[in-house]
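I opened a new notebook page for this model.

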Amino acid sequence: MAAITVRHLGKQYRLGTQTYDTLRDQLAGLFRRGARAERQTFWALKDVSFEVAKGDIVGVIGRNGAGKSTLLKILSQITEPTEGEVRIRGRVASLLEVGTGFHPELTGRENVFLNGAILGMTRAEITRKFDVIAAFAEMDTFLDTPVKHYSSGMTTRLAFAVAAHLEPEILIIDEVLAVGDAAFQKKCIGKMGEVARGGRTVIFVSHNMAAVTSLCTRGLYLERGQVKAAGPMQEIADAYLNDALPQGGKSSFRGDGQRGSGKLRFTDLEIRSGEVTGAAVCGAGLRFRLTYAAEQDRVAARFIVNIYDHQQIRLLAMDSVTDSSMPQFFPREGTVELQVPADVSLAPGRYSVELAAVIYDEVADHIPGAMEFEMRNGDFFGNGKMPHDPAAFLVKAPWSLQAPD
Amino acid sequence: MSDNLAADAERVIRPQPGFIAIDFGEIWRYRELFGFLAWRDILVRYKQTYLGVAWVVLQPVLTMLVFTVLFGRFGKFPSNGAPYPVLTFAAMLPWQFFANTLGESSNSLVASARIISRVYFPRLIIPASVVCSGVVEAVISVVILGILMLWYGVVFRPLLLLLPVFFALTFLTTFAAGAWFSALNVKYRDVRYVVPFITRLGIMVTPVGFLWMGMVPEKWRLWFCLNPLVGIIDGFRWCVLGPGFEPYWPGVWLGGAVTAVLLVTGMVYFRNTEKTFADLI
C-alpha cells in the first residue's frame, strides 16, 4: 500500500510586496472601493501527482524554484495546498531545518528536549534516547552550557543528533545534509541510510546529487512546479543532469514572465567572455549584459545576478546596489552590464544564471534558470599551469618568497 | 512509539474552504509540546538576569505605592475601610497578568516565525503557552499579596478559596485577547502598536487604583462592566477583603459573557486564519 498518495496537487502564491497588510491600509481601502489592484499570482506547484510506496526512499530533485520546497511544506502540513489532495499513512516527521526552535539562552540539554518536542518526540522518548543523542553529537562536557557559547559546528552537531534519532514511519527531509563539516555529514548520511534500510519511508530533497543518488531508490524530478519525470533514482538523476546541459551547445535566454510584479521584465541576457559571445573561457573575464523593459521611466531598479553550479549550489551573488556607481533610477528600457573581474574565474564546468530585478523591495522579475553556460578551460594564469586540486574558483593570488629574517 | 497505533490512520491534506472547526483532540495530542514551549518561555525569561525576578516583584509593588499615595493619600478616594495598599494590590494582580501577558502573547506568533514555517502543530498552543508561562509571575504576586495582607492585618477568610475561579477568568480573558491579537498580528503588523495602546488606555478605564461603584453613575454601570476586567477585579477584592466588598453581580456576569464571546470568536478566528500563517509570516 502506498504510504503517500499525491493527486493533482497545486499551490498558488500571491506575488508582490503584500506579504502582509497593515490594518491602516485595510481601513483606508474601505473608502476606496474597487481601487485595489489585482494581485498577480503564480503557481509554485501545478497538477502534481505521484505515489510513494512504503519503504521507498525518494529523492526530489529539480532546479531552484521548481517547487521542491513547496512540495515538502505541503507534505509536512505547514502550508495548505490550493488544490488537489495528499493522503499519508503513518506517523510523519519533517525536518526542513536542523535545530528548529534552538534557543541560544538555553543549555544543550534543554535544547535537546525542546527541539525533540518540536520535531514530534515525546518526553519519554527523548529521555530514553538522551544519552545516545549526546554521544552521537560527540558532546558530553558542554551539555549544561548555554548554546550561545557553542561554536556553530557544535550547535549543528547537537541539532542533527536530535534529528537523526527521530523514528517516524515517514521522514521528510530538506537539504539538511548541507550543514556541518564533511566528517559529520558523512556520519549523518550513514545514519540516514540506516534509517532508510530500517524500512521507513523517506522523502529527501537535496542539491547534493551525490548524496541523493547514493541514498535514494526512487527519484522525482520537478520542473516549474510540475513532475517532469519519476522513476528509479539513477535514471532520474541522469535525466536531470542531461537537462542541465545547454541544448546543442548554445545557451539561450529563457524568460518566463511568470514571477514578479512585471513592473520590469528582462528581455535578453547575453554572456560575453573576451570577444566571444555565448561561451566563456577561464581567464577571458565574464560579462553579463541584461536587457530589460520597464513599465515606466525612471525606475528605481536593483538588479541581481546569481550563479549556480550544476548541483544548484549558489556560488556567486551579485547585486547592483553593492556598486555605488550605479544610478538610483533607470530609463524605461535599457541594458546593464555586469563585469566579473578577470583575475577571478569560475572553474571549468557548467553553470546556470538566475536573474532578478527588485523595485522598492518588491520583486519585479525573477527567472531562476535564465540561462546555462559553460566555462571552458582556458589559460587562466597565462602560463599554461593549473592548481594541483580543482575547486570552484580560480583566482590570481600573488605568491612571494619572503626574505629570511 | 505509537507506530502501530498510527499505522492505520490516514491523514488527508487538502484545501479546506469555508469554516474550520476547532480540533480539540489535536490540541490535546500536542499537549507535551505545549508544556515544553511554556517551560521554555519561563526559563528564557528568568535565566539571563536576577533583575528579571526582582522586576516581577518591583513592578506591581511600585505601581501599588503610586496608586496608594495618589488616590488613597492625596485624592482621599474611599477605600470602604480597607487598607489602600491591599485594595490596590488585589486589583493589580489580575491587571498585571492581563497587561504583561497580552503584550507577549500578541507578539508570540510573529516571534515564532521560524518554527511556524518549519514544523506543523496546532498554532494555538503558541499564544496559549505564553499565557501559561505568566502563571509564575502571578504566583509571585499572590505571595506578595499574602505578605501585604499579613502586614495590614487583613483577615484570611474562606472566601479566598474562590480566588482560583477569578484567576481562571483572568486567564481565559487574557488568552481570548491573545488569540485575537496574535492572529491579527500575523496579517496586520500594525497590531503591535495597537496592543500597548490598549493596555495603556485600559488602566484608565479599569478600576485598578480605586473603587468604582461610587464613581460611575448608575446608568453607566453596565457599560463600564463590558470591560471584563472590571468584574474580575471586583471578584479579587471580594475574595481578599471579605463580604463588605461584594461585587456588582450583573457586572460580573456581563464581563464573563464578554470573555466567553471573545474566547469563542478568538479561537474560531485563529483557527480559520491559521492555515495562512506560514505563507504570511
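**Entry 1: a helix over a sheet**

I began with H2(A), which lies across S3 (57-61), S5, S6, S7 (201-205) and S8 (218-223) of chain A and runs at about 145 degrees to S6(A). Helices (H or I, at least four residues) and strands (E, at least two) are DSSP runs, numbered from the N terminus. Axes are lines fitted to C-alpha atoms, for helices over the stretch in contact, and angles run from 0 to 180 degrees between N-to-C directions.

I noted that the model is predicted: local features need pLDDT of at least 70, side-chain atom pairs count only at pLDDT 80 or more, and totals for chains, interfaces and linings use all residues. Residues are numbered from 1 along each chain as its sequence is written, while chains are lettered from A and ligands numbered from 1 in the order in which they are written.

**Entry 2: the six-stranded sheet**

I then read off the strand order of an open sheet of six strands in chain A, S5-S6-S7-S3-S8-S9, and found mixed pairing. Two strands pair if DSSP finds at least two bridges between them. S5 (92-95) and S9 (226-232) of chain A are at the edges with a single partner strand each, so one side of each has no neighbour in the sheet. The twist from one strand to the next averages 15 degrees.

S1(A) (residues 2-14) and S2(A) run antiparallel and are joined by nine bridges; A:Ala2 stands opposite A:Ala53.

A:Arg87 stands opposite B:Val12.

**Entry 3: the contact between the chains**

How many residues of chain A are in contact with chain B? I noted 43, against 34 residues of chain B. H1 (23-30), H2 (68-75), S4 (83-89), H3 (108-118) and H4 (123-136) of chain A each supply at least two residues to that side. S4(A) gives the most, with six residues. By type, the side of chain A that touches chain B has 14 nonpolar, 13 polar and 16 charged residues. Nonpolar covers Ala, Val, Leu, Ile, Met, Phe, Trp, Tyr, Cys and Pro, charged covers Asp, Glu, Lys and Arg, and the others, Gly among them, count as polar.

**Entry 4: two helices of chain A**

Last, I looked up H3(A) and H5(A) (residues 152-164), which pack at an angle of about 40 degrees with their axes 10 Å apart. A:Gly108, A:Asn111, A:Val112, A:Asn115 and A:Gly116 in H3(A) meet A:Leu158, A:Ala159 and A:Val162 in H5(A). I counted this contact as four nonpolar, four polar and no charged residues.

How values were computed. Two residues are in contact if their C-beta atoms, placed from the backbone, lie within 7 Å.
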